[in-house]
Amino acid sequence: MAAAQPQGDLLKMTHRENWKVQHERLHVKHRGHEAMHAEMVLILIATLVVAQIVLVQWKQRHCRSYNLVTLVQMWVVPLYFTIKLYWWRFLSTWGMFSVITSYVIFRATRKPLSGRTPRMVYKWFLLIYKLSYAVGIVGYLAIMFTMFGFNVFFRIKAEDSMDVGVIMLFYGLYYGVMGRDFAEICSDYMASTIGYYNVGGMPTRSLHDDICAVCGQKIFVTVDEEGIIEDTYQLFHEFCIRGWCIVGKKQTCPYCNEKVDLKRMMNNPWERTHMLYGQLLDWLRYLVAWQPIIIGIVHGINFSLGLE
């Protein structure tokens, strides 16, 4: 009867209190196993180093296959944990993103390519880019808000505000990475479909002076003509080349494959911040996509060596 009492107390506890009790029991169970824990830490560090080297070499030698496998990992792994842990909020946003992105990809892969499709594709992924950036910043501020104790002034529990911050930061990073990867696929396909650029770097046809090298429409239009009216650069509409370079990660000219100097285009310092954020997403991609596999490998090594 006495042994049943603690079990009943656990049932009355909240999820967080129950987790704390289980965590304390885990510490008691592994007390005195410092040497084994040190060995496990060394295995973890060695696995992370080897995995990083393998992934970097794979990306350098076979970039397309690396990007494809990483994108599949980014797509499937969070969905698996979402269904397993009943994260229905994330599942709903994932579903909406998947449906709209699938339609955008469908439009981007049609032949012949509509002249309006490139702008529609870039507008969607630029929207995802801006939303993910904003949500990530809000999540980061919410975490800092909690760490400095400002939640007390608003009578908000630290656990609640921290959970909101972590969730929003994850949303921002995840959809930021996914948007950039799908933008890469669409930009490659549309560029080759339009016909001004191919993998070898040589244009497949000549480009007229008044045609945008990204969307294929006239750069300058008269009042009576149908077209796009916005700021222009030589060979490009402003929105087209910004979408090509920033959203699609293209640092080269869509026509001649030469490197594009983005600093000459961007006088607004906030837009350079967007570029730094894009580089952050690139750096975090392998953590989001490959971390579960790496941790699984570590667990497998520990299990084979009899380590807990």
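The UniProt annotation "transmembrane region", taken from an unreviewed entry, covers residues 40-58, 65-81, 87-106, 127-150, 162-178 and 283-305; UniProt positions follow the numbering used here, feature names are shortened, and annotations may be inferred rather than shown by experiment. The structure is a predicted model, in which local features need pLDDT of at least 70 and side-chain atom pairs count only at pLDDT 80 or more, while totals for chains, interfaces and linings use all residues. Residues are numbered from 1 along each chain as its sequence is written, and side-chain values use heavy atoms, with hydrogens and water left out.

Two of the annotated segments were examined for secondary structure. Residues 87-106 are 95% helix and 0% strand, with end C-alpha atoms 28 Å apart. Residues 127-150 are 88% helix and 0% strand, and here the end C-alpha atoms lie 31 Å apart. The chain as a whole has ten helices and two strands, helices (H or I, at least four residues) and strands (E, at least two) being DSSP runs numbered from the N terminus. The order of elements from the N terminus is α-α-α-α-α-α-α-β-β-α-α-α. Of the 308 residues in the chain, 35% are buried; buried means under 20% relative accessible area, exposed over 50%, and partly exposed in between (1.4 Å probe, protein chains only).

Helix α4 comprises the 23 residues 63-85; at 1.5 Å a residue it should span 33 Å, which agrees with the 33 Å between its end C-alpha atoms. The expected span is 1.5 Å times one less than the number of residues. The buried residues of α4 are Y66, T70, L71, Q73, M74, V77, P78, L79 and T82. In an α-helix there are 3.6 residues a turn, so residues three or four places apart point the same way. Y86 follows α4 and lies in the loop between α4 and α5 (88-108). Its phi is positive, near 60 degrees, in a residue other than glycine. Y86 counts as exposed, at 58% relative accessibility.

A positive phi near 60 degrees is also found at R155, in the loop between α6 and α7. R155 is exposed, at 83% relative accessibility. Most residues other than glycine have a negative phi. The loop between α6 (117-147) and α7 (158-194) also holds F154, which is exposed with a relative accessible area of 56%. F154 belongs to a nonpolar surface patch with M147, F148, F150, F153 and I156, together presenting about 750 Å² of accessible area. Patches are made of residues with over 30% relative accessible area and no salt bridge, like charges being joined within 9 Å and nonpolar side chains (Val, Leu, Ile, Met, Phe, Trp, Tyr) within 5 Å. Accessible areas come from the Shrake-Rupley method with a 1.4 Å probe; for residues, only the protein chains shown count as cover. A salt bridge is a side-chain nitrogen of Lys or Arg within 4 Å of a carboxyl oxygen of Asp or Glu.

The whole structure contains 21 aromatic pairs. In one, the rings of F145 and F154 have centres 5.7 Å apart and planes at 40 degrees, so the pair is tilted. Rings of Phe, Tyr and Trp (its six-membered ring) pair if their centres lie within 6.5 Å; planes under 30 degrees apart count as stacked, over 60 as edge-to-face and the rest as tilted. F145 is partly exposed, at 25% relative accessibility. One aromatic cluster is formed by W75, F90, W94, F97, F170, Y171, Y174, Y175 and F182.
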